[in-house]
Amino acid sequence: AAEIPTINFTNASYNAMAIDVDDPVLSFIDVYKGTPKVSFTQGTLKIGDDIDLVLSFNEDVKVDGELTITMNTNGTAVIAASQSATYQTLERTLNGNYVVAEDEEIDELDITSFSFADGVKLTDNPNSVPTDDIDQPNSLDQITYTNFTLPDHAHTIKVDGIRPKVDKVTTATYKYTDDTEFTQASNRYGIGTKITLRIEFSEPIVISSGTIGLNLGLAQQGNITVTSGDILALDQSIIEKEFTVVEDDNDGDDRIKVDQDILPTPGNDYELTDVAENETSLVGRTFTTTNIDDLGSSQIYVDAERPSPPVTIAIAPDGGTAENTADYNEFFNSTNTGIKVTVTLPNDDTSIDNGAIYLEFQKPDLSFAPLEPTVSTSIKVDNENVDVKCYRISDNDCPGGSCEITVTEAKLVAANDGNALADRQNIVVQAYLIDDANNKSENPLAVTNLAGLTVDKTIPNLVSVGYTTTAESPTPYPQ
């Protein structure tokens, strides 16, 4: 056999030969974010945010095609064909960029897989130029990495790629003028009522600037203005804004709603985002089937128009002589047990169909005091939290739009500051109409003094008897 040439042992270049049979190893992965890029280990990523996934190896490597890193959001970062380099202070690295897309969401970001395009290899010895298929660099055929969320190089990163959206717009509470809560069976709310508008979002929200003006069709006060201070502290996915109904805000014909079923377009007026700073979208601001007037919401009416006054009013004595004669209808005598007040209703105001009549009695000082009917119901007139005894309007009790209301003498005395009715006192009554939203007519209708009843309860006494005659005086007969 031929001897090995001596040069193989004496040539310095030949002696520098090294044997490498180990595959490259992925040591760790770091995340960098921002401009300029800085290390990012915990926090929240929103739509459009991007991070660099930086892969550090134990030796120099190269990838000759695309290497795809798939995250548990189904988003990906792609490393293009490249040779390892220094990234910031990290050596021997490859990196790919991941961008959060809309609708990606995960509480803790992690890596689920690495994949190579067909025929692509990740190898060491990037500067090696093999002459045949035998003298190849070592190839890392499969990559696994399970320490992205574990020490060290751990990451606690949340991905929020969901835009906030309005789930529902409704009204939550209704209060009298003194802040006592109540509800109306008719869902009709009138002047003085304090109503809380409630907007529910899919997640906690932030109004970072400006105010939101909402058109509920309230003519007098205009838009309801929502600010960041209206976000509930205990549940920041809810906005609650209280407003007070003022006269002539709305006629109550239709249920109130936010105009066009949508929040106004953000911009100069306001900015609304979620906590991660994802902005709302057109779709997210729209609530076509979940507005105040829709099924499943509050479906309320705001009636801020006062009803018309009565058309006519008349009073007559009740009981005693009034039972069998009308001869004494101008007087209230000792046999009468009370009075009858007849009120004629307007036929063009449907708001009083389930409303009431509020009576007042004129006292001797000409001021008026509440007068309680014999049969009464308590009404919070003008939505003040005070029970006022009124007469309930119904078809059965007011045939043809004419209501006959009885008032006992005891109720008259109570309205007269507890004083008995005095002879020659004139009984004058006036009436207001109350609609089904507790609004009182702006003006009452009163009986005139001439149409009132004069109190005359004194029975006449016989003081003396006298007579007169036209006959001549008798003349004595002469004797």
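**Asp435**

I started at Asp435, whose side chain reaches the backbone nitrogen of Asn439 at 2.9 Å. I then found the backbone nitrogen of Ala437, which lies 2.9 Å from a polar atom of that Asp435 side chain. I count a polar contact as a pair of N or O atoms within 3.5 Å; within protein, one must be able to donate a hydrogen and the other to accept it, and residues adjacent in sequence count only if both atoms are side-chain atoms.

Before going on, I noted that this is a predicted model, where local features need pLDDT of at least 70 and side-chain atom pairs count only at pLDDT 80 or more, while totals for chains, interfaces and linings use all residues. Residues are numbered from 1 along each chain as its sequence is written, and side-chain values use heavy atoms, with hydrogens and water left out.

I placed Asp435 in the loop between strand E34 (429-434) and strand E35 (445-446). My strands (E, at least two residues) are DSSP runs, numbered from the N terminus. Which side chain of opposite charge is nearest to Asp435? I got Arg188, 6.9 Å away, so Asp435 is buried yet has no salt bridge. My cut-off for a salt bridge is a side-chain nitrogen of Lys or Arg within 4 Å of a carboxyl oxygen of Asp or Glu; Lys and Arg count as positive and Asp and Glu as negative, with His and the chain ends not counted. Buried is under 20% relative accessible area, exposed over 50%, partly exposed in between (1.4 Å probe, protein chains only).

Leaving out residues up to four places away in sequence, I listed what Asp435 touches (heavy atoms within 4.5 Å): among them are Asp303, Glu305 and Ser351.

Most residues other than glycine have a negative phi, and most peptide bonds are trans. I looked for departures.

- Thr35 and Pro36 are joined by a cis peptide bond, with omega about -5°. I see Pro36 in the loop between strand E1 (26-33) and strand E2 (38-39).
- Asn74 has a positive phi, near 75°. I find Asn74 in the loop between strand E6 (67-71) and strand E7 (76-79), and it counts as exposed at 69% relative accessibility.
- Gln260 also has a positive phi, near 70°. Gln260 sits in the loop between strand E22 (251-255) and strand E23 (270-274) and is exposed at 59%.

**A sheet**

I traced an open sheet of three strands, order E8-E5-E13, with antiparallel pairing. Its edge strands, E8 (82-83) and E13 (122-124), each pair on one side only. Pairing needs at least two DSSP bridges; I see three joining E5 (residues 61-63) to E13, with Val63 partnered by Leu122.

Terms used:
Helices (H or I, at least four residues) and strands (E, at least two) are DSSP runs, numbered from the N terminus.
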